[in-house]
Amino acid sequence: IESVEIIGSNYLKPTAFTFNQQLNTVIGGRGAGKSSLLEYIRFGLGCSAIDLPNESDHAARRMAEMLRATLPEAMGTIKVSVRLNGALVMLSRSMANRDLITISANGEESQSSPRDVRSLVPVQSFRQGELSDLAGEQAAERLMELVTADERENIRRVEDELKSIAGQVSETLSMVTRLIGSRA
């Protein structure tokens, strides 16, 4: 995510945030809007509590209610700029037409469903309660999942290559051992 622009929110003033690709922190007191900002970003990316309803999750219900209450249909819009394969892509989504997300890239514009945008822009997002679960028994494994999610396929491919190379080294070592043994 390169930047986020919030337009027409009843809760957060119209503003734009620019992000660093390495690390970003959002700091503020209780009720300052940290969770709202993150849910607005999720809304812009098509993966908010409105898009992925979980009626059994109290936090998800609360976030869906917050979006409906603070982003009025008349003007509530979230714009998220993301970098995909080196190209800058702007996603724009309004409450008035929340079933479509406008995608702008290289001077061209199209519209897609939130589901299609979730496929285009793979996002792993977690609410505070979900992150708190990292303190459980499987914390190290879950944290590793979070950290390696974007590169999981590359990691798998490298691991497979290493296994293949290890097998080849083992076969070569066995062949060398047999050759040395036959000469003795």
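**Figure 1. Ser 112 in strand 6.** At 17% relative accessibility, Ser 112 counts as buried, where buried means under 20% relative accessible area, exposed over 50% and partly exposed in between (1.4 Å probe, protein chains only). The place of this serine is in strand 6. Leaving aside residues up to four places away in sequence, Ser 112 touches Asp 99, Leu 100, Ile 101, Ile 103 and Val 117; contact means heavy atoms within 4.5 Å. The model is predicted, so local features need pLDDT of at least 70 and side-chain atom pairs count only at pLDDT 80 or more, while totals for chains, interfaces and linings use all residues. Residues are numbered from 1 along each chain as its sequence is written, and side-chain values use heavy atoms, with hydrogens and water left out.

**Figure 2. The whole protein.** Six helices and six strands make up the elements of the protein, and from the N terminus on they run β-β-α-α-β-β-β-β-α-α-α-α. Helices (H or I, at least four residues) and strands (E, at least two) are DSSP runs, numbered from the N terminus. Of the 184 residues in the protein, 29% are buried. Among contacts with a separation of 6 or more, 48% are between residues 24 or more positions apart. The protein exposes about 12,500 Å², of which carbon and sulfur atoms supply 52%; accessible areas come from the Shrake-Rupley method with a 1.4 Å probe, and for residues only the protein chains shown count as cover.

**Figure 3. Helix 1 and its surroundings.** Eight of the eleven residues of helix 1 are buried, so the helix is mostly covered. The buried residues are Ser 36, Leu 37, Glu 39, Tyr 40, Ile 41, Arg 42, Phe 43 and Gly 44. They pack against strand 1 (3-7), strand 2 (15-18), helix 2, strand 3, strand 4 and strand 5. Gly 46, with a positive phi near 80°, follows helix 1.

Figure 4. Helix 2 (residues 58-70) has 13 residues and should span 18 Å at 1.5 Å a residue, which agrees with the 18 Å between its end C-alpha atoms; the expected span is 1.5 Å times one less than the number of residues. Ala 60, Met 63, Ala 64, Met 66, Leu 67 and Thr 70 of helix 2 are buried. These residues cover an arc of only 160° around the axis, which puts them on the same side of helix 2; the arc is that of the directions from the helix axis to the C-beta atoms. His 58, Glu 65 and Ala 69 are exposed on the other side. The cover over the buried residues of helix 2 includes helix 1 (34-44).

**Figure 5. Packing of helix 1 on helix 2.** The two helices pack at an angle of about 85°, with their axes 10 Å apart. Axes are lines fitted to C-alpha atoms, for helices over the stretch in contact, and angles run from 0 to 180 degrees between N-to-C directions. Helix 1 and helix 2 are therefore roughly perpendicular to each other, a term for angles of 65 to 115 degrees; under 35 counts as roughly parallel, over 145 as roughly antiparallel and the rest as oblique. Ser 35, Ser 36, Glu 39, Tyr 40 and Phe 43 of helix 1 make the contact with Met 63, Met 66, Leu 67 and Thr 70 of helix 2.

Figure 6. Asn 85 is in the loop between strand 3 (77-84) and strand 4 (87-94). Its phi is near 50°, a positive value in a residue other than glycine, and its relative accessible area of 85% makes Asn 85 exposed. Asn 106 lies in the loop between strand 5 (101-105) and strand 6 (108-112). Although Asn 106 is not a glycine, its phi is positive, about 50°. At 71% relative accessibility, Asn 106 is exposed.
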